[in-house]
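Here is a short report on a protein chain.

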Amino acid sequence: MEKIIAGEPQARSADIIADNLERLKALFPEAFTEGKVDFAVLRQPLGDNVDESDEKYGLNWYGKRRARQLALTPSLGTLRPCPEESVDWDMTQNLMIEGDNLEVLKLLQKSYSGKVKLIYIDPPYNTGKDFVYSDNYRDNLQNYLESTGQTDSSNSGTFSSNSETSGRFHTYWLNMILPRLYLARSLLRKDGTIMISIDDTEVAHVRLIMDDIFGPENFIAEIVWEGANKNDARQIGICHEYVIVYAKNRESLQRDWGLDKEGVQPVLQEVKRLRGLHGTDYCAASEDLAGWFRANKAKPAFANRRFRNIDARGAYKEDDPTAPGGRKFELRNPRTGQVIPLRQNRGWSFDQERFDRLVGDGRITFVTETSVMVRRYLHETDKLTPPSVFYQPARSASERLNRMMGAQIFDYPKDESILGKFIQMATDDDPNAIVMDFFAGSGTTGHAALERNSLDNGNRRYVLVQLPEPLDSKKSHQRAATDYCDELRRPRSIAELTKERLRRAAQKIKDENPEYTGDLGFRVFKLDTSNIRAWNSKPDNLEGALRAALNHVESGRTEEDILYELLLKLGLDLCVPIETRTIAARAVHAVGAGSLIACLDEAISSDEVEPLGAGIADWHDILDPAGESTVVFRDSAFGDDVAKTNLTAILEQRGLGNVRSL
Ligand SMILES: C[S@@+](CC[C@H](N)C(=O)[O-])C[C@H]1O[C@@H](n2cnc3c(N)ncnc32)[C@H](O)[C@@H]1O
């Protein structure tokens, strides 16, 4: 039974450099000598496409290289599960992760690389007033714990804004955003999209950085979002911001993006309900639909009231089949051969062939033998190509959030109805997609994903990351939020507001739609140092290494903590099912249908080894996982090496060759 030691893949987050080297090696094996890249050799297959001049096109600033490097260093942390703060822990697939997003993005690489369909972020805009988290290049995890007050330190609670007079105003912000965008790219699926909210302060830089990381060929649009009302302008009152949209690979993107026309979804849902209620009695269903429109005069759905008839295909309206610019020809009734007269200055919206097909399909109503109407179905005309300008007054989102939370606790939340549209645009071809936001703030993206699911019965999963940014009651604009946290009896931090918003958004959806059975829960995880001492001590940390040799598991850590760390570092989904059985009076966990089997009991005696090994092997046979299983025990659980060796031998005999200890 070999110990999983620091530096091994199972003990660390993804090693991006090693992955890159593997990929390069697969393409150009000749450029590798003794494991290192020989640039002189690599240059040859690249022909004249190597630019070695000092003056290059692009954005440069002090620290860019270091910031890029930061994305490549593995994290020494883990994500600890918090079922008690979660909603519907056992069933949900949604994630709310508390922590600095740089560390979290690193930790998620193994499990979620190439899996996320849409990343929407709304980072601090660098207005000089919003705070910009400052990474510490030496030990970012420790820096995170200190600045969020989770360890004793004089730094506790030191969050500051990036003032315009700092001299490195843009540099700080660029150094913060660059490594996060690198890591975000690798989480995206090949057909994934990233959308970044930003304003004039950094928009030019974001475009250039995104060209750098994603490639200009993957630029999709610079959306203008009108609705901000800033009254402090001297020359021009800026009333918009931007959403920068890039594809991971534009070639792989769904060709046509669509957006629901206003108020269409509620009608489609009502039609579905009425068809369920009345079956093929379309008259009764149509009558009820007309009544439903009358009862919803004040709602956007009312704009679709002409679609008040229902047949086997859905809701339709009888429409004029002519238009001013249409085709002028002698259209004939295919049944009688009679010419159907055309009104002056109009033309037909179809040719004879298509008309004949529509008649055959029962989609043409003959008002008389020579006068026709065409049935147009709501579900066929319900999409429009997304525009590059969106309008939504910022105030309405704030007011809705205040109402839902019962207090004004978060300044400038994004509008969940617009984020819902972005989600529809980018995930319509896969309603089971993962949607991520690693600057979650009040959790608007999570709320929008839930709403979108409730509209189209999708199963999108959200993954949110939010720093437990401390709230300060001495700052007048944060007092309501600190009082709110006090009332909840929770620590004063923005992450607490995020979780409460997600709970309330789920409740709101349930209240408005009691029949809804979609996933409204979320699992909470929190960033922390690794549970295994030996895994988080740095090579130069002698004291840490000595302590780690004595007892491997950090004190205060639970079996679940260790289990989820293993899962994360093996690259399994954080929502993968975990089954627990008692075998030889010991709790044994099977993760992901047996790809990981762990018994983390603190003491396993020699005479327990045999029944335990046989029981685990029997269970493994039943689970019959697709790939090789890893079986893990606590190293300190065994009284002596004999017990360890025997257990390993029993498992090996039964085909479980990968047996490790912590
Ligand atoms: C502009 S707000 C996002 C608002 C959000 N879109 C909404 O509608 O509520 C940016 C958020 O990112 C968070 N944040 C800043 N730096 C972070 C970091 N390093 N890791 C995680 N969250 C961070 C801030 O605490 C803030 O809540």
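E496 counts as buried at 3% relative accessibility (buried is under 20% relative accessible area, exposed over 50%, partly exposed in between, with a 1.4 Å probe and protein chains only). This is a predicted model: local features need pLDDT of at least 70, side-chain atom pairs count only at pLDDT 80 or more, and totals for chains, interfaces and linings use all residues. Residues are numbered from 1 along each chain as its sequence is written, and side-chain values use heavy atoms, with hydrogens and water left out.

The partner of E496 is K499: their side chains meet in a salt bridge of 3.0 Å, N to O. A salt bridge here is a side-chain nitrogen of Lys or Arg within 4 Å of a carboxyl oxygen of Asp or Glu. K499 is buried too, with a relative accessible area of 0%. Both residues sit in helix α15 (residues 494–512), three residues apart, about one turn of the helix. Salt bridges with shared partners tie E85, E98, R490, E496, K499 and K526 into one network.

## The chain as a whole

The protein chain has 20 helices and 26 strands. These are DSSP runs, numbered from the N terminus: helices are H or I with at least four residues, strands are E with at least two. The C-alpha atoms fill a box of roughly 95 × 65 × 65 Å, taken along the principal axes. Of the 662 residues, 50% are buried.

Contact means heavy atoms within 4.5 Å. Among contacts between residues at least 6 apart in sequence, 73% join residues at least 24 apart. The salt-bridge rule gives a count of 51.

## Domain 1 against domain 2

The domain assignment gives domain 1 (2–71), domain 2 (72–258 + 385–526), domain 3 (264–383) and domain 4 (558–661). Such bounds come from an automatic or database domain assignment. The C-alpha centres of domain 1 and domain 2 lie 30 Å apart. At their interface, 19 residues of domain 1 are in contact with 23 residues of domain 2. The two domains bury about 2200 Å² between them, 66% of it on carbon and sulfur atoms. Buried area is the accessible area (1.4 Å probe) that two parts lose on being put together, summed over both.

Polar contacts link 10 residue pairs between domain 1 and domain 2, both residues at pLDDT 80 or more. A polar contact is a pair of N or O atoms within 3.5 Å; within protein, one must be able to donate a hydrogen and the other to accept it, and residues adjacent in sequence count only if both atoms are side-chain atoms. On the side of domain 1 that touches domain 2, the elements giving two or more residues are α1 (16–27) and α3 (64–72). Helix α3 gives the largest share, seven residues.

## K64 and its salt bridge

How many salt bridges does the rule find across the interface of domain 1 and domain 2? It finds one. The side chains of D212 and K64 meet in a salt bridge of 2.7 Å, N to O. K64 is buried, with a relative accessible area of 8%. D212 is partly exposed at 41%.

## N175 in α6

N175 lies in helix α6 (residues 169–187). At 10% relative accessibility, N175 is buried. A polar contact of 2.6 Å joins its side chain to that of W61. Leaving out residues up to four places away in sequence, N175 touches W61, Y62, G63, K64, A67, D135 and Y137.

K117 and D191 are both buried. Their side chains meet in a salt bridge of 3.2 Å, N to O. The pair links distant parts of the chain: K117 is in strand β6 (residues 116–121) and D191 in strand β7 (residues 188–198), 74 residues apart.

## Two positive phi angles

Most residues other than glycine have a negative phi. E34 has a positive phi of about 50° although it is not a glycine. E34 lies in the loop between β2 (32–33) and β3 (36–37), and is exposed at 83% relative accessibility.

D88 also has a positive phi, near 55°. D88 lies in the loop between β4 (77–81) and β5 (95–98). At 43% relative accessibility, D88 is partly exposed.
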